[in-house]
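User: Here is a structure that I have not seen before. Please take me through it in questions and answers.

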Amino acid sequence: MTETKKERAFPASFGQERIWLSNQLDPGSPVHNVPCQVRQDLPLTEHQWRTALRQVVARQEALRTSFRMAGGVLTQVVHAEVPVELDVHDLRDLPAEPRRRRADELAVMAARRVIPLDTPPPWRARLCRLSDAEWLLTFVAHRAVFDAASVPILTHELNEACTAVFEGREPRLPELPIQYTDYSLWQREQLAGLGGQLDYWRQRLAGLPPAHSLPTDRPRPGQLSFAGDQVDFELPEGLLDRVEAVGARLSASPFMVLLAAYAALLHRMSRSDDVVVGVPLAGRDRPELAPLIGMFVNQLAIRVDCGDVTSFAELVARVRTEVLGGIEHGLVPFQLVAQAVGVTRDPGVQALYQIGFDFVPDAGIEPVLYATAKDDLALELTRDTGRLRYRTGLFDRTTAESLVDRYLRLLTTAVDDPSLPVSELPLLSEPERDRVLEEWNATEVPYPHRQTVHELFERQVRRDPDAVAVDFGGGRLTYAGLNARANRVAHRLRGLGAGPGTIVGVSAPNSPELVVGLLGVLKSGAAYVPLDPGLPAQRQALIVTDAAIPVVLTTGESTLDTRTLALDDPRQWAHQPAGDPAPTAGPRDAAYVIYTSGSTGRPKGVLIEHRSVNAYLAWARRAYPSLAGRALLHTSPSFDLTVTTLFGPLTAGGSIVDGTAAGPTFVKATPTHLAVLPDELCPSKDLVLGGEALTGETVTRWRERSPECVVTNEYGPTEATVGCIAYQIEPGQSLPPGPVSIGRPIENARAYVLDERLRPVPPGVAGQLWVAGPQLARGYLGRPELTAERFQDCPFSVSGERMYATGDLARWRHDGTLDFFGRIDDQVKLHGYRIEPGEIEAALRALPGVRDAAVAVREDTLVGYLVGESAGVTEALRQTLPDYMVPTTFVVLAALPVASSGKLDRSALPAPPLTSDAPYTAPRTATEELVAEVLAELLGLDKIGIHDDFFALGGNSLLEVQAITRIRKQVDVNLPVRGLLSFTTVAGLAAEIERRLAEDMAGLCRVNHQG
């Protein structure tokens, strides 16, 4: 302690330190303001109000405190006197309703005013006179000196002081036995005996998820923002009485029952069994602390395992165990727990927990509206009311309101029957059920369900036989010419026994011959299987065998061990008729089979019928009118998005063109392909993106190249025929950063977002995406068990239709559009290709010297993890797998990481090392030298390399603040106090300093130039 006549300095308490550090993330935010209001109906004067407030401030040292760093330690400075100022507004001349509104506005303005911590006092006060004898004081204090329990203390003492001043006497308030500084000194003395408590938290929070899994309305920003809002609500009458009764039966407090319902809601909405909620521990368990104003709260990270819970009653028991354990070990300051657990530091994520909860039965919700949020979500309850605060950077208000509705619905049902399984507690209201099942799936329109694909092509032949159907450099075919050549192929195949129920392979590069071959197979009545010539011979042979293909249409040389017919050899077809063969296939016959990666190590063939293709193409012709123009064919037909480019134009009267013909009107690609698409091949009308997730940044960059083009994000697994959900982005329409919605079900398609029991989930809640409608595939070729597993009877259809389990995680937005979140299983999509890691892993395990293997995507790269030898692995895989399924890099491990369930823990697979070792790298610039010197001195090290991580070397939040403060003293640069959270290495922080200095210099030059 240091002391002068005017001030005394003490080490800050751990609670103050935690709030102060959080405040440094955004010093200009009022997120840590705590407002409260005091009403008085005495005819006081402004002078009497100031006198009363001055008496309370003199009594409570916390209200005379400021903070400063001294010798690397945060100190609280108690001042002998501080200014006691009242911002007074006389509203007596206003009518009643305007007066009330103005008082509310002034209160909100006061609550949102930033309170600096380095200058006393740490509070502000605004006084409104509503009538001659009616006053309203809005008192706003910084949380570093004022917790929620301080509100009733201030209210009581100020009311007594006002009464005493009015009556001309001294306030009747007992003498305070201690002050807040006594508590902070005592708290630090207890640290030596908290080793056992710290061990509890290390064990309990080991392997904590870096952030909650609750779906957000917007991507998490790189920097934490405290902008927020709140939803206020009332608890149904009698609900808390039922909560107390259930708690009594289960030996649990109402707090525990309410928290269990919250955990159940988060579990159901996030599909995560691991739920972490931050709860406040009041910290006022000693009687001498009860009358003190100050920050006594310690935050506890309560971790609840919601997996395999049999009933809500069992979940309450689990929550009870966790809460009691947390309270028993609650003396350890929050920041010490975070440091001991070793959480990964992320400037956009709050450490340990991001979702809060509190129940204060005897307090009320402050009437002042907040515009900030400390947590991503925080639910606060009293006996009668509640409030949900949320970050507006992550959540919309509609999402927050619906979360409140779901909590009350779930809680009401749970306390009525605690024996119900958590999975049975209702989230969905009846109007919402009708919306997600019926209203948003009202898509039925007529389509040519009685015809085949080639019959629609033949209709275009009759309509305009001389129109150009294919334009590939030197190879151009009219509709009549293409039809004649395809007919010759069909007649030849018919003579070899082709027809409905048979499958013919087509192995040709993108060319007129490819189009001739595909149409020829369809006209023969058979289904085609595209065999990409670039596939390894073993892969092609596997597909030929699996599909029982009797003949393959080819171009060039072929190594296939089956009968082949050369599409580029005119002698093969010269004697065949050129007229249309008599139709033998119908709309329910197979049109094509496309093979996708298989999780068992064996690719699976998806069998698509003509009616399914026609259902999709009928919508595509209306959605993409430019298919009647020039459609660019640039992807392999073994990739089903090519169906749009092949048969869309041929059934719309358009032309298929290749890269030699500039100026296409229509292009379909993956977002990855888009990055390498030459400017001369950019479409003038329609760009359709599919096959992998699309981001707003990708579209924005594309708009710079082609601002007048309509962009469509098309979603659909191969099993649902190319695309079944779509989102159209008109020219000029702006998109926020992050994932783009996949949109709404297209014509005749239906989408269902379901939980594990095939029940619809509400908007905003993630579930597995199931699709239904005529576009569904017949199933998997020769795989009846897998077909039955993935294609199930649709419980929402009266006509006996099926629905398909996509394996994708999705949610409905409140506007009826869908968001895609990724896979439920281990399947991944990379550069538009669907990849089952299991197939690659099976191929790896089959190699000599490989004892075990795993595959994962890291930073858009396919990485193989091996237990064993890696020599020659890449070359061996290329003999059996296509290039896109061969990992780019390999990591050799002693053993694969295993989760507590005994299964492979893919999330624990390490990122591939950037280099084989990490030697010391000396600073290269003056800025790097400065940063390295400052960090090394604070960490007590002789030297730091430019790529060494500050926190990995033992840095913490207080040292981080000291480092930035020292750097800012030596370099005149506007560097954020928590800058090391974003730039954790010497090189990174030095580069950011130089970037900011360059910006400052450029701005100065602009000013001088303008002057």
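User: At what angle do helix α1 and helix α10 pack?

Analyst: The model is predicted: local features need pLDDT of at least 70 and side-chain atom pairs count only at pLDDT 80 or more, while totals for chains, interfaces and linings use all residues. Residues are numbered from 1 along each chain as its sequence is written, and side-chain values use heavy atoms, leaving out hydrogens and water. Helix α1 covers residues 14-25 and helix α10 residues 334-341, with axes 8 Å apart; the angle between them is about 70 degrees.

User: Is α1 roughly parallel or roughly perpendicular to α10?

Analyst: Axes are lines fitted to C-alpha atoms, for helices over the stretch in contact, and angles run from 0 to 180 degrees between N-to-C directions. Angles under 35 degrees count as roughly parallel, over 145 as roughly antiparallel, 65 to 115 as roughly perpendicular and the rest as oblique. The angle of about 70 degrees therefore makes α1 and α10 roughly perpendicular.

User: Which residues of α10 make the contact with α1?

Analyst: Contact means heavy atoms within 4.5 Å. On the α1 side the contact is made by Phe14, Glu17 and Arg18. On the α10 side it is made by Phe334, Gln335 and Leu336.

User: Is Gln335 buried or exposed?

Analyst: Gln335 lies in helix α10, and, leaving aside its neighbours within four places in sequence, is in contact with Phe14, Glu17 and Arg18. Buried means under 20% relative accessible area, exposed over 50%, partly exposed in between (1.4 Å probe, protein chains only). Because its relative accessible area is 15%, Gln335 is buried.

User: How many helices and strands does the protein chain have?

Analyst: Helices (H or I, at least four residues) and strands (E, at least two) are DSSP runs, numbered from the N terminus. The C-alpha trace of the chain spans about 120 × 65 × 65 Å along its principal axes, and buried residues make up 56% of its 1011 residues. The chain has 27 helices and 40 strands.

User: Which residues touch the most other members of the largest nonpolar core?

Analyst: A nonpolar core is a set of buried Ala, Val, Leu, Ile, Met, Phe, Trp, Tyr and Cys residues joined through side-chain atoms within 4.5 Å. The largest has 159 residues, and its largest share, 13 residues, comes from helix α8 (residues 254-270). The residues that touch the most other members are Phe357, Tyr407 and Phe647.

User: Which are the edge strands of the open sheet formed by 3 strands?

Analyst: Two strands pair if DSSP finds at least two bridges between them. The order in this sheet is β38-β39-β40, with mixed pairing; β39 (residues 861-868) and β40 pair in the parallel sense over 4 bridges. Each edge strand pairs on one side only, and these strands are β38 (850-858) and β40 (889-892).

User: In the open sheet of 9 strands, which residue in β26 stands opposite Lys668?

Analyst: The strand order is β16-β15-β24-β23-β25-β26-β27-β28-β29, and the pairing is mixed. Strand β25 (residues 666-669) and strand β26 (residues 686-689) pair in the parallel sense over 4 bridges.

User: At about how many degrees to β16 does helix α14 run?

Analyst: The strand β16 (475-478) is an edge strand of the sheet. Helix α14 (residues 479-495) lies across β15 (468-472) and β16. Its angle to β16 is about 95 degrees.
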